[in-house]
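Student: Hi! I have a structure open and would like to talk it through with you. Can we start with the pocket?
Tutor: Happy to, let's bring it up.

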Amino acid sequence: MKRTFAIITSVAALMFAANTNNALANDKETTLSGDAKCAKCMLKEGKECQTVIQVQKDGKTENYYVVDNDVSKAFHDDVCHEAKKVTATGTVTKVDGKQQLTLSKIEAK
């Protein structure tokens, strides 16, 4: 009886965890406006250049780390040593506690 209860509880916990993980995935495109900066050169984070878009939400700064693709690579040189106000469109996922943005479009304001 105890073993059956433990198995049912474990299965229910796994189903809940899988469902929660799927709820965090955002397949819809999101548009963000903020400051684009280089993570390595301006924010002193990481060993490689990567575009980060900083967005103000509820008085706090949220960082969205841009995933390398053709759109982000073409834009990165513009923000490697100088911040730019941008509007970016793409899908957001959370990986290792960081918001990652896969760009489909980005424009400097």
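Student: Which residues line the largest pocket?
Tutor: Keep in mind that this is a predicted model. The lining is made up of Ala39, Glu45, Gly46, Lys47, Glu48, Gln50, Tyr65, Val95, Asp96, Lys98 and Gln100.

Student: How do those lining residues divide into nonpolar, polar and charged?
Tutor: Three are nonpolar, three are polar and five are charged.

Student: And what volume does the largest pocket have?
Tutor: About 170 Å³. The idea behind looking for it is that rolling a probe the size of a water molecule over the atoms shows where empty space is left.

Student: Asp96 was in that lining. Where is Asp96 found?
Tutor: Asp96 sits in the loop between S4 and S5. Its backbone is worth a look too: Asp96 has a positive phi of about 50°, although it is not a glycine.

Student: Why point that out?
Tutor: Because most residues other than glycine have a negative phi.

Student: Is Asp96 buried or exposed?
Tutor: Asp96 counts as exposed because its relative accessibility is 78%, and the cut-off for exposed is over 50%.

Student: Which loop holds Lys44, and what is its phi?
Tutor: Lys44 is in the loop between S1 and S2. Lys44 also has a positive phi, of about 60°, without being a glycine. With a relative accessible area of 65%, Lys44 is exposed.

Student: Let's zoom out. How many helices and strands does the protein chain have?
Tutor: Two helices and five strands. Going along the sequence, the pattern reads α-β-β-β-α-β-β.

Student: What share of the residues counts as buried?
Tutor: Of the 109 residues in the protein chain, 26% count as buried. The accessible surface comes to about 7800 Å², and carbon and sulfur atoms account for 53% of that.

Student: On to the inside, then. How many residues are in the largest nonpolar core?
Tutor: There are 14, and the ones with the most contacts inside this core are Ile53, Tyr64, Leu101 and Ile106. Strands S1 (30-38), S2 (51-57), S3 (60-66), S4 (84-95) and S5 (98-108) each supply at least two residues of the core. As a general background point, nonpolar side chains in soluble globular proteins tend to be buried together.

Student: What does Ile106 touch?
Tutor: Leaving aside residues up to four places away in sequence, Ile106 touches Ile53, Val71, Phe75, Val86, Thr87 and Ala88.

Student: Which strand has Lys85 in it, and is Lys85 buried or exposed?
Tutor: Lys85 lies in strand S4. Lys85 is exposed, because its relative accessible area is 51% and exposed means over 50%. With residues up to four places away in sequence left out, Lys85 touches Gly34, Asp35, Glu107, Ala108 and Lys109.

How values were computed: Residues are numbered from 1 along each chain as its sequence is written. This is a predicted model: local features need pLDDT of at least 70, side-chain atom pairs count only at pLDDT 80 or more; totals for chains, interfaces and linings use all residues. Side-chain values use heavy atoms; hydrogens and water are left out. A nonpolar core is a set of buried Ala, Val, Leu, Ile, Met, Phe, Trp, Tyr and Cys residues joined through side-chain atoms within 4.5 Å. Buried means under 20% relative accessible area, exposed over 50%, partly exposed in between (1.4 Å probe, protein chains only). Helices (H or I, at least four residues) and strands (E, at least two) are DSSP runs, numbered from the N terminus. Contact means heavy atoms within 4.5 Å. On a 1 Å grid over the protein atoms alone, a cavity is a set of points where a 1.4 Å probe fits but cannot get out, and a pocket is an open set with protein on both sides within 12 Å along at least five of seven lines; lining residues have an atom within 4 Å of a point. Grid points are joined across faces, edges and corners, and a volume is the space filled by probe spheres set on the points. Ala, Val, Leu, Ile, Met, Phe, Trp, Tyr, Cys and Pro count as nonpolar, Asp, Glu, Lys and Arg as charged, and the others, Gly among them, as polar. Accessible areas come from the Shrake-Rupley method with a 1.4 Å probe; for residues, only the protein chains shown count as cover.
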